[in-house]
Amino acid sequence: MRGLDDFLAECDHGPRINGLAGFFAATAAGKSGMPIRKPVADARLLPSDELLRGLVSLHAARQGFFDQHYHGSIPYRLEEECRTAYAMLKYARDRGGPHSLYSLGTAEGTMARTLSELSEGQIRTLSCSPNAENYNCFMAYGEPPHADFFVGPFHHLTKDVLRSDPRLANFAHGFDIILEDTTFQMYSPNRASQIEFVTQHLKQDGIFVFVEKFRATEEPDYRRREYQKDFWVQGALFSLRRNREEANPRSGYDVRQ
């Protein structure tokens, strides 16, 4: 990769591991940003399928602190993640044989771990995060036999690291699927170099999936979606609090609970 040193320096100075480091650490530890109740996937937005129901159930059981914040902050993101995992699971089963997934920047790696457990190793996964707090959530349910975790930012996971770490050596030949989930935007707008760097880990016939935030062509559409993200969830929480207080005015219910 040309200009690798400059690219790595750019990422090292990115807000994700500098100005925003405190926010991510506190949220990943459950000290801030927690919803008043754990997000639950709306079954009305999902296909009626036994395999999917099992995936949603296990995903809910494995959620950590940051996932609860993430899925509680963005409407329908949880359902979208479950559908994505379902598609990956069906893809691996239809093709047969073992598959590998690199889940890039998905906090405590709930989705990746769920896929490894549910597929019983047919999908072996690697998640990464700069936060040890996310790794603690990943390990909270015991060490999964077919899922691994790299504690560090995505640009620190080089081919040399994969080859030299006995836990990660199985991934040195590349991944069948790579999922980048709103990670690149936290480091810089340099998408071309970010994609080039990560693509070195993708097999020749592999699939690269991006979950990115894009600005809508029409400015009013963008503003409406931002309003929904920023205020729809808060409005729902306010209504829940108001309903509870009306039902029991002396309860002293605290929306932060």
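1. Serine 188 sits in the loop between strand E4 (175-181) and helix H9 (191-199). Helices (H or I, at least four residues) and strands (E, at least two) are DSSP runs, numbered from the N terminus. This is a predicted model: local features need pLDDT of at least 70, side-chain atom pairs count only at pLDDT 80 or more, and totals for chains, interfaces and linings use all residues. Residues are numbered from 1 along each chain as its sequence is written, and side-chain values use heavy atoms, with hydrogens and water left out.

2. Serine 188 counts as buried because its relative accessibility is 10% (buried: under 20% relative accessible area, 1.4 Å probe, protein chains only). A polar atom of its side chain lies 3.1 Å from the backbone nitrogen of asparagine 190. Setting aside residues up to four places away in sequence, serine 188 touches Glu10 and Gln194 (contact: heavy atoms within 4.5 Å).

3. The largest nonpolar core has 21 residues (a set of buried Ala, Val, Leu, Ile, Met, Phe, Trp, Tyr and Cys residues joined through side-chain atoms within 4.5 Å). Tyr102, Leu126, Phe154 and Val198 have the most contacts inside this core. Helix H1 (4-12), strand E1 (99-104), strand E2 (123-129), E4, H9 and strand E5 (202-211) each give two or more residues to it. A second, separate core of 20 residues includes Leu78, Ala92, Ile177 and Val211.

4. Alanine 28 lies in helix H2 (residues 21-28). Alanine 28 is buried, at 1% relative accessible area. Beyond four places in sequence, alanine 28 touches Phe65, Phe66, Glu133, Asn134 and Cys137. Its C-alpha atom is 8.3 Å from that of aspartate 67, 39 residues apart along the chain.

Methods: Buried < 20%, exposed > 50% of the residue type's maximum accessible area, 1.4 Å probe, protein only. Polar contact = N/O pair within 3.5 Å; in protein donor to acceptor, adjacent residues only side chain to side chain.
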